[in-house]
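Trainee: I've got a new model open on my screen and I'd like to learn how to read it. Could you take me through it one feature at a time?

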Amino acid sequence: MKITVIRIINAILRKRFKSDNNAVSNFTNVQQLRQIMPALLDGYLSEAEMPNSLLLLSPPPEHGSSLFDLDLEHAKKAVESKDKERFLQAARDADLSFPFAVKSFEPILGIEISETKTPKLYVLMRRVMTDAGLSTYAAKNHYKRERPFMVNNQKTCTPDQENILYKVGSFPSGHAAVGWAWSLVLIKLFPDKQEEILKRGHDFGESRVICNAHWYSDVEMGRVMGRAAVECLCVNSAFLSDLEEVKKEMAGA
């Protein structure tokens, strides 16, 4: 009986969330995204080259489905966790401002990623972030999915960002797309550190569940879009040219 009541309440919340035209903002290009990320660089991919998340992904799990029950289970574990250090790491992973955004990859790579020490890699990662993040917005804008903290009324790891999170649909996760895209690009540059890099990229996405900002399915599908973005980048001449320049920079470093 209790589970049924929860599902009814969640369905009402979802309907209200979708019907409120002011609740969620639509973002379709870099200029619009700069409303919430002013320092965002242009990516490599044109609108025609960008993978379309609305076409590539199935809809988010329906309330009452077994997949949504799995989302609820992961969210419950996250909010009940006593691992304070992992919660703090999730908060650090939530910050996509540069140079802070890539700091957690530096110990694995053994280099400093900065404008002064590795300027070509620094710009490449910023532009990849734009493409991977923007690839998620067709589905975000369409489904306008509510986030876990809006359903379970528990805190996130970034309370200062919650006003923005209310305005951006949850499905799929842009952070997960970015973290996975970064890892797929970095293993091209550091193939001997592939396992550690992929784990960091994976954990970067998991941080969104731990943060109570995204559902498990948001993160899973975010990684799908991160991979799709990198596949598109790998046939983009400007990206490939820059990647070669970064390889030379890494050899020098």
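Mentor: Happy to, and let's begin with cores. A nonpolar core is a set of buried Ala, Val, Leu, Ile, Met, Phe, Trp, Tyr and Cys residues joined through side-chain atoms within 4.5 Å. Buried means under 20% relative accessible area, exposed means over 50%, and partly exposed is in between (1.4 Å probe, protein chains only). Some ground rules as well: this is a predicted model, where local features need pLDDT of at least 70, side-chain atom pairs count only at pLDDT 80 or more, and totals for chains, interfaces and linings use all residues. Residues are numbered from 1 along each chain as its sequence is written, and side-chain values use heavy atoms, with hydrogens and water left out.

Trainee: Which residues have the most contacts inside the largest nonpolar core?

Mentor: The general idea is that in soluble globular proteins, nonpolar side chains tend to be buried together. Here, the largest core has 51 residues, and L121, L124, W182 and L186 are the ones with the most contacts inside it. Two or more residues come from each of α2 (30-33), α7, α8, α11, α12, α13 and α14 (237-252). The top contributor is α11, with 10 residues. Those helix labels come from DSSP runs, numbered from the N terminus: helices are H or I with at least four residues, and strands are E with at least two.

Trainee: What is L121 in contact with, leaving aside its neighbours within four places in sequence?

Mentor: Contact means heavy atoms within 4.5 Å. On that basis L121 touches I111, I113, L186, L189, V246, E249 and M250. There's also a second, separate core of 7 residues, with A90, F149, L165 and A213 among them.

Trainee: On to pockets. How do I read the largest pocket, and what is its volume?

Mentor: Picture a 1 Å grid over the protein atoms alone. A pocket is an open set of points with protein on both sides within 12 Å along at least five of seven lines, where a cavity is a set in which a 1.4 Å probe fits but cannot get out; lining residues have an atom within 4 Å of a point. Grid points are joined across faces, edges and corners, and the volume is the space filled by probe spheres set on the points. The largest pocket here comes to about 640 Å³. Its lining has 30 residues, and I36, M37, A94, L96 and H175 lie nearest the centre. Two or more lining residues come from each of α7 (119-134), α8 (137-143), α10 (162-167) and α11 (174-189). With 5 residues, α7 gives the most.

Trainee: Now the cysteines. Which ones does a disulfide join?

Mentor: A disulfide is a covalent bond between the sulfur atoms of two cysteines. The rule for calling one is a pair of cysteine sulfur atoms within 2.5 Å. That gives a count of 1 disulfide, joining C157 to C211 with an S to S distance of 2.0 Å. The pair links distant parts of the chain, 54 residues apart: C157 is in the loop between α9 (148-152) and α10, and C211 is in the loop between α12 (194-210) and α13 (216-233). The link is left-handed, with -90 degrees about the S-S bond. Both C157 and C211 are buried.

Trainee: What about the backbone: which peptide bonds are cis?

Mentor: Look at the bond joining F98 and P99, which is cis with omega about 10 degrees. P99 sits in the loop between α5 (84-93) and α6 (106-109). The bond from F171 to P172 is cis too, with omega near -5 degrees, and P172 is in the loop between α10 and α11.

Trainee: And N212: is it buried or exposed?

Mentor: N212 is buried, at 2% relative accessibility. Its phi is positive, about 70 degrees, although N212 is not a glycine. N153 also has a positive phi, near 55 degrees, but N153 is exposed, with a relative accessible area of 66%.
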